[in-house]
Each structure stands twice: as C-alpha cells, then as structure tokens.
Amino acid sequence: MTQLLVEFQEVSKIFRGGTEVVALSEVSFSIGPGERVAVVGRSGSGKSTLLAIAGTLERPSAGRVFIEGRELGHLSDGAISRLRGQRIGFVFQSFNLLQRLTALENVAEALMYAGVKRDQRRPRATALLDRFGLGSRKAHYPHQLSGGEQQRVAIARALASDPPLLIADEPTGDLDPETGASVVDALLSGGGQTAVLVATHSPDVAARFSRILRMDAGKLVSDVS
Amino acid sequence: MTLRDLLTRTFWALSVRPGRAILSGLGVAVGVGAIVGVLGVSATIQNGLLGQLNGLGDVLTVSGTSSSTGAASLMAPRSVAMIRRIPTVQAVAGTFTLPSSVQRTQFVPGQSGIPIVAFTGPIASATGTRVIAGEEISSRLGLPEAMLGYQAAQALGIGGAQLPTRVWVNNEYVTVVGILSPTPTQTSTEFSLFIPEAYARHSMGYGGSVDNISVRVPLSYASTVAGLLVPTIDPSGTLGLQVQEDSSVLLAAADAATAFQGLFLALSVVAVLVSGLGVMNTLLVAVVERRAEIGIRRALGATRAGIAAMFVSEAVMVALTGSVAGILLGLWVTIIGALHQRVAPDLPVPVALVGVGIALVVACLASLYPAARAASLPPSEALRMMA
C-alpha cells in the first residue's frame, strides 16, 4: 500500500475568543500522492481552516493529522518548518508575494528556505519563471505585475521545491474567469507527482479536479471522486 | 538559511527604512560616544599630569617642623648618605635654607626674597629637574658659583643668554652658571638660589645639617620608599618629619580634574540603556508592520528561530554601526580635549571595545522581546492580515 500524503482523523478546530466558533467538526479524509482535490462550500464552511491545517499553518483543536505518515502533533517547530519548506507549497487568494522583492527574488527566497544552495537559487528560479511564461517579468516587483502574473509567480514559488503537496486557497478568487483558467492550468502543471488541494467557490475551477470534497458548517458532507 | 543569507536580509530590511535605522543607530552612537569620551578625556588629563613624572620617576620630599620651636627641623648631615643606601633610590639631595636672601647687585637695597639654599648631592636629578641653561655644579665645589631655580631666575631677570652672571649673596658676588627646569608640582626648588655645600661651609659658616631632603625613586617604588624615609633618618620620631610625594600631589590634582567622571560615566551608561529602549521600540513597530512578511516566510519554511534571528540581527547591526560611530565620536572628543590641554591624548581603546560590547548586549536584550513576538505569531494569523 502506498503511503498516504495527508490524513485527517476526526479533526476539529474551534476558535475561542468571545464566542466559540466551530470551524471544523470531526473531519476525516485522506489524500494519496498525486491526487487532485477541490474543496467546495459556502464562505465560512471551513474550507480555509481545513487547508490551513492540512498545510501545517494551523494546529487542530482535536483529532490527529498525518502528513506523509507523520503525526503533526509530534513534530518540532524545526521539523514542521522543513515540511513547509520542502514538502508543501502554498498559493493564497491575495497572492502574498514579498512586496520588496522582485518576481525572481520571491521564487529564490522559497528555494533558500527549501535548503537550496545560494549559487543554484537564481538559475532554478529563472527556469521556473520561464516555465510559467514569466521570463520577461523576472525583474519586476509585485506591484508592477497584473493579478494573473502575480498569482503565477506565487505558483512558481510554491512549486519551487517540487513539493508532493500543493495547497491553494481560492487561488482564482481575485481574478477574472479567463485569467483564473490559466492560473488553474499552472496549478495543475506539476505533473502526476504533485497532489493539489484547492479550495474554491467556482464550479468551473472545481470541474477541473477529479475529486470534490463538499463542506458545510465545518462538516465534510460529501466526498465525490 | 546561512549567516550570509541572514545578513543580506538584514540589510534589505534596514534599507527599506533607512531614516529609522539611522535614528536608532544614532541613539546608540551618542551613548557609546559619551562613554568613550568621558573615559578618554579623564584618562588624558590624568596622563598629562602623571606624564610629567614618567621619565623622571617620583620625587619624595622630607621636611618637618619642630614642635617646640616652630622652626624647620634639622636633620643630621649623614641623613643624605643613609637614604642613598635604600635600594631603588635613584638620587638624593639635602638642602638647607640660609637666613639671608639674594640681591641682583650690591647696589639694590633690600632683599629679593629669594632664599639662598645650600645643597648636598645631585640637586637637579633629586628634585626631578634638569639644567635647562648653563651647566650643573657639584655640591663639593668650593668656589662662589650657584644655580638658580626656574622661577627665581625669572624673578631676577636672568635667562640662559645672561649666563654666567653675578648675584650679590651675603656680602659677596657669586656667579650663577646654571638654571634649573620647572618642577612638576612647583615646589620651593623653583624659587631658590642653590649654592654648593662646600662653599657655604667655608664662606658662610654653614654647619652641614639639612632641613629638606629630596629623593627620586621610580614611580612603582615611591610609596614603599616613602614609608622607609622617616624611620631611617629619625627612628625616634622626635623631629616631626613628614614625607610628601609629588605623585600623590599630582594624583590629587588629577582626581580634582576628573571628579565627576563617575557621574558622567553613569549618565553615559544610562544613555546606552535608553538607546536600547529606542531599538526595542523600533523593532516592535517593525514586527507589526511586517506581520504579512513574517507569515509568508513561515509558510515558505522559516522556523521560529529563523524569524527571531532576523530581528535580533537587525538590532545587532544597528548597535554595531551605531557604536562604531560612537567610538569615533568619543575619540574625536578625546583628541579635541587633549589638544586643548596640550597633552598627548590617551585613546581608550579597551574602553571603546567594552563600549561596543555593552551596546551589543543592550541591543540583543532589547531585541529579545520583539523577536519573541515575531516568532510566536501564528503563520495563519499573520497571513490573514494580507487580505
């Protein structure tokens, strides 16, 4: 049996502070290597929280989460940081590029955290940007790029370490449908080895994924392949 | 993330807001500059005063006042020879102040007030002076020749160009052949006419006792020798003799000149501590401003320690450049002070290094809290700020 990439066992997330908000309620599912999964549901249904926990950015309040068979609760900050740097790539709705760095430097920065040696970072970042059609945009700062271009830089950055898991939270939320389609192309360009976990409102985007998890009020209500 | 990666990112971060970095660095510079300046100027003043003794050694002076008569105590002629036998003593001379004083010529009525002093031994080297004009004479000389102290020569209007010249001493002309240099502490040596003991004995009825003995010793043995002088000359203690050390006179002068050093130093250290608060404040603002960046870096794989290191490194960089600027400032103040005092500046290099150390420690401590706050930001929360 091949090892599971992500496994949730009855994971709950409760945000405390004033009133309690149950963002996730006893969610269990797993993702295998190379799977392409879209999480859909209304705003506030818990999609983003699910992605944040799967991506180790957030810790669950209850339940157990495994990444590549290792339980997150047992990992040190250093080990979790290495997971983020080498095994997981993130793409966010609002692009989240480092504003003071050029497109090339943004990608190179991810390579630094992935442990790539200094003299290899720029060539590899250049190759990545070329692959996403951004060869002429390398020296541009984020504010000089269009939304679609920024998001493709972000995807290049997320795929820089060739991670087995790519997590994208509403990656097309701020883009028009046509640009959004090209961004989804980019997301799925990682080939068969990279599993993609995306949260989206868009039926068009969801239709490009082979498996759909539907969330409602913090619960996983359907899992259709 | 290597150290070089860290330093590069620190430079980026500082260059984004150069004004802020310069201002917090300036705070450190003022504090360190004050420490270096205060210590440098004090050391220069002390050095200038003590430097007058360095080449010559310390000069000890033995004299006393009789408790019964109130006159100067007389020490036996052999006292000079006894002191000469004390180890480490470099030169000894005894003097006796004769009752009459010098006149420029026999035609000027009245007395000049410059005493006539009979001397035994090498008077110039024993009093820490040297002959600045003319030549030195021996105390064994039986001829009517004399040397003048520096101030006495000026009072009589006798310079090097006039030598040799005659002065009227006790109904006789005596030829002045040499003038002595000023003394570090302006002792009575400067105000006297010195005539050889041998001449004083046969022409002025001098008996050979001395009322003042000057002893020159290396600075490091001064206090030891000072303790031996009175027991050597006057074991019974009946003469009421006292020893004065030139070095302690000079040290007292130096202490007076640097009396507020401790206070100023304390204020300078407070200034460095306050600059640490400035650094802390700047970093706390930066942590808030850079929440999004912190979140992105955490998502890209930065560890908590890596995030904290970015902020500590910024503080260290600011403190390092600030304290180097502060050292230059302090050295500049010291050199200005030294030029003003006409002495060689004593540049407090070890102190400067200590100043850098203090600034670095303060900056590290000041950065700990902001760095801890940055490191403990949950990545998901930091990223939410972007929306």
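Author: Let us begin with the overall form of chain B: its radius of gyration, taken over C-alpha atoms, is 34 Å, whereas a compact globule of 387 residues would have one near 21 Å. That globule rule is 2.2 Å times the number of residues to the power 0.38. Along its principal axes, the C-alpha trace of chain B spans about 110 × 45 × 35 Å.

A word on what you are looking at: this is a predicted model, in which local features need pLDDT of at least 70 and side-chain atom pairs count only at pLDDT 80 or more, while totals for chains, interfaces and linings use all residues. Residues are numbered from 1 along each chain as its sequence is written, and chains are lettered from A and ligands numbered from 1 in the order in which they are written.

Chain B holds 13 helices and ten strands. Here helices (H or I, at least four residues) and strands (E, at least two) are DSSP runs, numbered from the N terminus. Of the 387 residues in chain B, 47% are buried. A residue is buried if 20 or more other C-beta atoms lie within 10 Å of its own, exposed if 12 or fewer, and partly exposed in between, with C-beta atoms placed from the backbone. Two residues are in contact if their C-beta atoms, placed from the backbone, lie within 7 Å. Among the contacts in chain B between residues at least 6 apart in sequence, 84% join residues at least 24 apart.

Now for the close look, at B:S101. This residue is found in strand 2 of chain B, which covers residues 91–101. B:S101 counts as partly exposed because it has 18 C-beta neighbours inside 10 Å. Leaving aside residues up to four places away in sequence, B:S101 touches B:Q111, B:S112, B:G113, B:I114, B:P115 and B:I116. Take B:Q111 from that list: it lies ten residues from B:S101 along the chain, and their C-alpha atoms are separated by 6.0 Å.

For a look at strands side by side, turn to chain A. Four of its strands form an open, antiparallel sheet in the order 2-1-4-5. Strand 2 (21–31) and strand 5 (70–71) of chain A each have a single partner strand, so one side of each is left without a neighbour in the sheet. Two strands pair if DSSP finds at least two bridges between them; strand 1 (residues 6–15) and strand 2 of chain A are joined by seven, in the antiparallel sense. Within this pair, A:V6 stands opposite A:I31 of strand 2.
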